[in-house]
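Hi,

Here is the model I promised to pass on. Have a look at it first, and my notes follow below.

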Amino acid sequence: MTVSHKISLALVALVALGACASPNMPAGQATLGQSPTVGGGTFTSPGGLTVAADARNIGGLTGICGVWAESINQSVMTRNSAPKILDSAGITLGGEGVARGLKFMREVEPAKSYAGMQANCITTERRWRPGDEARALEIHIPRQIVYNDLDGGFGESGGILIWFRPGGPGAHPSDKKPWYHLGGTGVSGSLGADE
């Protein structure tokens, strides 16, 4: 396990511990600002996920507003995995866990920018503090298995195992068409934009 992987796991644990005591309360919709924080990741099969979020003062409480998008063209084995992934995600503000479970966010189409989009919002129990608008907002999504079709057992096994890997926005409007396997040879390729 690398040092960066250990740090990532520690951050996710901090988010979980810090946000467990702060239940999310629905707070309507709002427009994302001009520079929302963007995060996400990709699957070990084609496709990925993007999350965009803002923190704001909602009635004196720390509010989080956000949207998410998944690749339009992705493996059928990863379709509908976004809710599980979002449920495991969290947000920190200035290094402090403020929200855990991002399923409240509104689904949108992949875009080059998420600025100005209508987003679903929640409030947390954390009071909004002076200077919060300048504190760094970060989106934390743990690495996780989203599809497991392995035979199991020892020795030679077959099947498919697909991971979600955090690492920044993963759903893009210019995603290529789905991958395909060339005549059952096991060689992967992707259809070109002109095919």
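Let me start with N80, which is exposed at a relative accessible area of 69% (exposed means over 50%, buried under 20%, partly exposed in between, with a 1.4 Å probe and protein chains only). This is a predicted model, so to speak: local features need pLDDT of at least 70, side-chain atom pairs count only at pLDDT 80 or more, and totals for chains, interfaces and linings use all residues. Residues are numbered from 1 along each chain as its sequence is written, and side-chain values use heavy atoms, with hydrogens and water left out.

Back to N80: it sits in the loop between β4 and α2 (helices are DSSP runs of H or I with at least four residues, strands runs of E with at least two, numbered from the N terminus). Its phi is near 70 degrees, a positive value in a residue other than glycine. Most residues other than glycine have a negative phi.

Next, the disulfide, and there is one in the structure (a pair of cysteine sulfur atoms within 2.5 Å). C65 and C121 form it, with their sulfurs 2.0 Å apart, and the link is right-handed, with 110 degrees about the S-S bond. C65 is in strand β4 and C121 in strand β8 (residues 118-127), so the bond ties together parts that are 56 residues apart in sequence. C65 is buried at 0% relative accessible area, and C121 is buried too, at 4%.

The aromatic search over the whole structure gave one pair (ring centres of Phe, Tyr or Trp, the last by its six-membered ring, within 6.5 Å; planes under 30 degrees apart are stacked, over 60 edge-to-face, the rest tilted). The rings of F43 and F164 have centres 5.8 Å apart and planes at 70 degrees, so they are edge-to-face. F43 belongs to strand β2 (residues 37-43) and F164 to strand β11 (residues 161-166), so this pair ties together parts 121 residues apart in sequence. Both are buried.

As for packing, the largest nonpolar core has 25 residues, and V51, I64, I91, L102 and M105 have the most contacts inside it (a core is a set of buried Ala, Val, Leu, Ile, Met, Phe, Trp, Tyr and Cys residues joined through side-chain atoms within 4.5 Å). Among the elements giving it two or more residues are β3, β4 and β11. A second, separate core of 13 residues includes L32, V67, M117 and A119.

Cheers
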